[in-house]
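Hi,

Here is the structure I promised to pass on. Please have a look at it first, and then read on for my notes.

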Protein chains: 2
Amino acid sequence: MNATTNVFAIILAGGSGTRFWPLSRETCPKQMLQIVGEDTLLRQTVKRVQDFIPQKNIWIVTTEDKARDTWFHLDPLGPLAKEIQFVSEPVGRNTAPAIGLAALCLQRLSPESVMIVMPSDHAIPDRERFLSDLKIAIQGAREDYLITFGIKPTRPETGYGYIQVEKPSDSKYSGLLKVERFLEKPDLQTARTFLSEGGYFWNSGIFVWKTSKILAEIEEYLPSLSHSLKKMESFIFPSDKTAFADLKTGGAHRPDKSDQRLALCSARYAELESISIDYGIMERSKDVRMIQSSFQWSDLGSWAALDEILERDRAGNIFRGNTIDVDSQNSIILSEKRLIATIGLKDMVVVDTPDATLITSKDRTQEVRKIVEVLKEKNREEHLIHRTVERPWGSYTVLEKGNGYKIKRISVKPKARLSLQWHRRRSEHWVVVSGVAKVTRENEVYWVHTNESTFIPMNTKHRLENQEDGPLQIIEVQNGDYVEEDDIERFDDEYGRQ
Amino acid sequence: MNATTNVFAIILAGGSGTRFWPLSRETCPKQMLQIVGEDTLLRQTVKRVQDFIPQKNIWIVTTEDKARDTWFHLDPLGPLAKEIQFVSEPVGRNTAPAIGLAALCLQRLSPESVMIVMPSDHAIPDRERFLSDLKIAIQGAREDYLITFGIKPTRPETGYGYIQVEKPSDSKYSGLLKVERFLEKPDLQTARTFLSEGGYFWNSGIFVWKTSKILAEIEEYLPSLSHSLKKMESFIFPSDKTAFADLKTGGAHRPDKSDQRLALCSARYAELESISIDYGIMERSKDVRMIQSSFQWSDLGSWAALDEILERDRAGNIFRGNTIDVDSQNSIILSEKRLIATIGLKDMVVVDTPDATLITSKDRTQEVRKIVEVLKEKNREEHLIHRTVERPWGSYTVLEKGNGYKIKRISVKPKARLSLQWHRRRSEHWVVVSGVAKVTRENEVYWVHTNESTFIPMNTKHRLENQEDGPLQIIEVQNGDYVEEDDIERFDDEYGRQ
C-alpha cells in the first residue's frame, strides 16, 4: 500500500468571497477567480495535491447551491477531474460542521484515513515546499496529533489570527511545535509585540489529522455537533457502509439536487450551530501541534493582500490588463479589456470589470462588503452575476440589454451542445460569426454557416450544437416583453440541468 | 434700427480640449460635451446670446475639419440653428488669426458692427447677469475701446492669466476700468499676493470691440497678420462686397469642403503666425478697458475646475450617474451607465466612459494630456472616437468588435434616413428591435418590422430609413475580413456627405 493511499484532501469550497468584488460575484466566488498564478484558486488547490494522493481521494466540500457550478468549474483539469468527489452541505454552516460532515462520510469509507483540510481560496505559489511540509504533517497526524500550519509573520498584520507556540530549546521552531494558544485578530500594538517577541505565527487554516481523531475531538469538545452528525448518519447511510460508495463515487458523479438522502437531513443540518473548527476544536484540544511552513502563503483576505503575492514594479505598483499610468505609487490596477488610465495614485486599488469598477484606498479594501450590501439592498445585479457566464457547453456574454431586447455573444465548445429548450416570451435571431452551427428547430435539423443567420420563434423547441473541432460563435438578438434567463424550459440536457 | 442689429457674436469653437479626456475625444471636443448645465457648452454659449442679438448675427469660427460636425451639433437648437453662420479656418492658428479672419468677413458685411468674441467652452451659469454686463461692454466698444471681462479672484489660482487694473478712486471697480497690464499664469506665491493686494482679475478671454477697431489694432500691432488678411480678402471676396453674402448666408448654409474660395487661401492661412489675441493685441493696445463681471465663470480648464461650478455634497464630493460611495472626500466621480463604486477617496477625480476610465488625483488633472499623448503614440482609438457616435440621422454605438465581426446598435431619428451606400468587404445582418425599418436593397424596397431581420450582402447598394414618427432601433451584425468605418461608398446622402 502506497503511503498516501488513505490520505484524503478535503477542500473547503463553500465561501462566497464578497471581499473580491467586483471580480467575485455570488455566482463566481473567490475560489473560482484567477487572481494570482496560472489558474483559478480552486483549481490550483486541486493541482497542489494531484499526483501526491490518488485523484479519487480529493474531496470538495461545498454547499448544495454551489456544487453544480463547482463541478463544471473543474472541467479544465481534464478527465481526472471526474474522479474528484463532492460532499454537498445542504446550507453553509462554517467549518466545524462542514469538516464534521466530511469526516463522517470518510470514516465509513476509510477508518484509518488521514484528512488534509485546505481552504480552496488561498495562494501558495510553491507546490514542492508545500508537499514537503505536508509529509511531516501527515506523519504527525498518524501519531494522533491535530496538525496546523503556522506562517512566520513578516509584518504586524491585524487581519490574521495568530498561534503562539512554546519556545523550543534551540529557538529554531522546526518539527512539531507545541501550541500554547490560538489568538484572535490582534490590534496593531499587539501585533507589533507578537512580531518583536517571536514565537507567534499566522494561523493558515490548513489542518492535517486522522479522521478518527477529529471525530473523537468533535465528540469531546462539540458534543452537540457530534450528536447531530450521528443522527444524520442513519439518513446518509441507511443500510451498510457500501451505501456511501453508491452515493459518492462512480466515474462521473454529478452533484445533483436529486440526491435525496442528503436532502433528507437538510433541515437538521441547517439547525447546526455555525462554528469554526478553530474556535470549536483547535483552541480547546490538548493535542494540537504546529508546523512552521516553509512555503509562501496568503489567505488573500482582501485586494490589498495581492501585495504579498504578486510582483510589484519599482514604484510598488501592480498592473494587469489594459492600463496606462503616470506616476502612481504602491497601487494595484487591474483591468480586463477596457482602458484604465491613472495619474498620481498613491496606495490605491482599482479593479475593473465590464459592468462595475471598484476604486478604493488600499487601507479600506475590507470595506468592499459595504458596497456589496448596498447592491443587495437595492436589488441590483452587479454582485450576483458577471456579464460573461461560464456554462458546461461554453459561455455567454451579455453585450447589451435594452427595452424588449437583449444581445448575447454565445461561444459553444467543440463537440458541445446546449439543451433542447424553448422560451415562452421571447424569440431569438442567431447570426453565426465563426464556425458552423447545427440547429434543431422543432422537427427540422439544419446547418448555419459563418455569416448566415436563422430565426427561432417563441414557443419553439430548439437546440444549438457545435459538431466541429473548432469553436462556434454566434450573436443572439433576443426579442420579447421579457428577456430574463429564467424564461427557459429544458427538455433534454447533456449536463443534467432542469 | 434695434440697438443690437449690428452686434455680432463670434464664438470660437476650434479647440480640441484633450484636458477633458476621456469624455472629450478628437471627434467630440470639449465644447460638444454636456459637462455642466442642461446642454453642451457650445449650445449653451449660443443660447446665451440668442434673443439678445439677431440669430443670423451668431457666427461660429471653427476649423474646416470640425465645421461639419459642429454644424450638425447645433441641430437640437431647432430651425433657428440654420441661421447661424460659419467661418471655417483652413487650419487652427490660435485666436489672433481666427478673430482677424472673422473681422475681415464681418467688416465687408457690416462696417459699423460690434463683435462679441466668446470661447465656446466656458461655463457661465447666469445668462441674465452676463447680458447685463454685456450691454455695458457694447456701450464701451462703441466708444472705440477694446473691452475685456475680468473675474474677481476667489482663490490664488495659478491656472489663469490675470489683468491688473488701475485702482479706482472709490475702490469699487465698477464701469470701464483702465488696464495696467496683462499677466501670465503666476506661481502660487505671486497669485497669493494678487489676491491680497486687490486690483487683479482673472482674464476671462471674453472680448467686445468694434470690428473696425480690432482690424485697426491688428494693423498696428500685428502688421504681418494684417497684411496676410488683406491678401486673402481678394480670394474670399473676388468682386464686390455682395460676394460675402453669397458665400456665407442663405437658409441652410452647410460648411462644405467644396467652398473653393476659402480653400484657395488655405496655404496662406497655414503660414500665419500662431498667436493669441491676448498676447498679440490686448497686452499692447492702449485702448483696453476691463469690466468686472457680475456673473459666475469658469474656463473649465481641467476636471478639477468642476469644483468651481457644480454643487458639492457635505463631504465636498460631486457624483454623477451610477455611483455608490463609502466615505470619500472632495472627490469628483462621473459615471455614465456602468457602476463606479468608491471607498475612502480623497481629492480624486474618476471619469468613466464605455471604453476608458480615468482615475487621477485632483492636483494632477492637467496631466491628462500625457495619457492622450500615449494613446496617440500607440495608435489607439480611445482618444479619437467614442463608442457612441452622433450622426445627422441619429447615432450608432459599437457594442463589440471581434475577429471578423462588429456589432452595432443603430438608432435612426423619426423621418431620417442613412445614405444609399455599399460596403466592399462586409455583409450586414439587421435585426429590428423597435420601430419599422424601410430597407432599400438594390432594386427592392421593403419593410422590416420589430422582431424581423434582413440581410445585406457585400457589394450591395442599400439604405436604411425611418418613415415613422417614433424612433427606429436596429442591431447590426457586420461580417467580413475588414469591418472598419472607412469601408463605405455613399451614392446619395441627405446630408451632403461623400
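Let me begin with a helix pair in chain B: the crossing of H3(B) and H6(B) is left-handed, a crossing being left-handed if the near helix is turned anticlockwise from the far one by less than a right angle, and right-handed if clockwise. The residues of this contact divide into 6 nonpolar, 4 polar and no charged. For these classes, Ala, Val, Leu, Ile, Met, Phe, Trp, Tyr, Cys and Pro count as nonpolar, Asp, Glu, Lys and Arg as charged, and the others, Gly among them, as polar.

Before I go further, some housekeeping. This is a predicted model, in which local features need pLDDT of at least 70, side-chain atom pairs count only at pLDDT 80 or more, and totals for chains, interfaces and linings use all residues. Residues are numbered from 1 along each chain as its sequence is written, while chains are lettered from A and ligands numbered from 1 in the order in which they are written. Helices (H or I, at least four residues) and strands (E, at least two) are DSSP runs, numbered from the N terminus.

Back to the helix pair. H3 spans residues 95-109 of chain B and H6 residues 211-221; they pack at an angle of about 130 degrees, with their axes 9 Å apart. Axes here are lines fitted to C-alpha atoms, for helices over the stretch in contact, and angles run from 0 to 180 degrees between N-to-C directions. H3(B) and H6(B) are therefore oblique to each other (under 35 degrees is roughly parallel, over 145 roughly antiparallel, 65 to 115 roughly perpendicular, and the rest oblique). On the H3(B) side, Ile99(B), Gly100(B), Ala103(B), Leu106(B) and Gln107(B) take part, meeting Thr211(B), Ser212(B), Ile214(B), Leu215(B) and Ile218(B) of H6(B). Two residues are in contact if their C-beta atoms, placed from the backbone, lie within 7 Å.

Another helix of chain B, H5 (residues 188-197), is hardly covered, with 1 buried residue among its 10. Buried means 20 or more other C-beta atoms within 10 Å of the residue's own, exposed 12 or fewer, and partly exposed in between, with C-beta atoms placed from the backbone. Gly198(B) follows H5(B) and has a positive phi, near 80 degrees.

What about positive phi outside glycine? Ser171(B) has phi near 55 degrees and lies in the loop between strands S6 (162-165) and S7 (177-183) of chain B; with 9 C-beta neighbours inside 10 Å, Ser171(B) counts as exposed. In chain A, Asp327(A) has phi near 60 degrees. Asp327(A) sits between strands S11 (323-326) and S12 (332-334) and is partly exposed, with 15 other C-beta atoms within 10 Å.

Each chain also has a cis peptide bond to look at: Trp21(A) to Pro22(A), with omega near 10 degrees, and Trp21(B) to Pro22(B), also with omega near 10 degrees. Pro22(A) is in the loop between strand S1 (7-12) and helix H1 (41-49) of chain A.

Chain A is divided into domain 1 (7-292), domain 2 (304-372) and domain 3 (388-492), with bounds from an automatic or database domain assignment. In chain A, 8 residues of domain 1 are in contact with 12 residues of domain 2. The domain 1 side of that contact has 6 nonpolar, 1 polar and 1 charged.

Finally, the interface: 43 residues of chain A are in contact with 43 residues of chain B. Strand S15 (residues 356-361) of chain A supplies the largest share of the chain A side, 6 residues.

Best wishes
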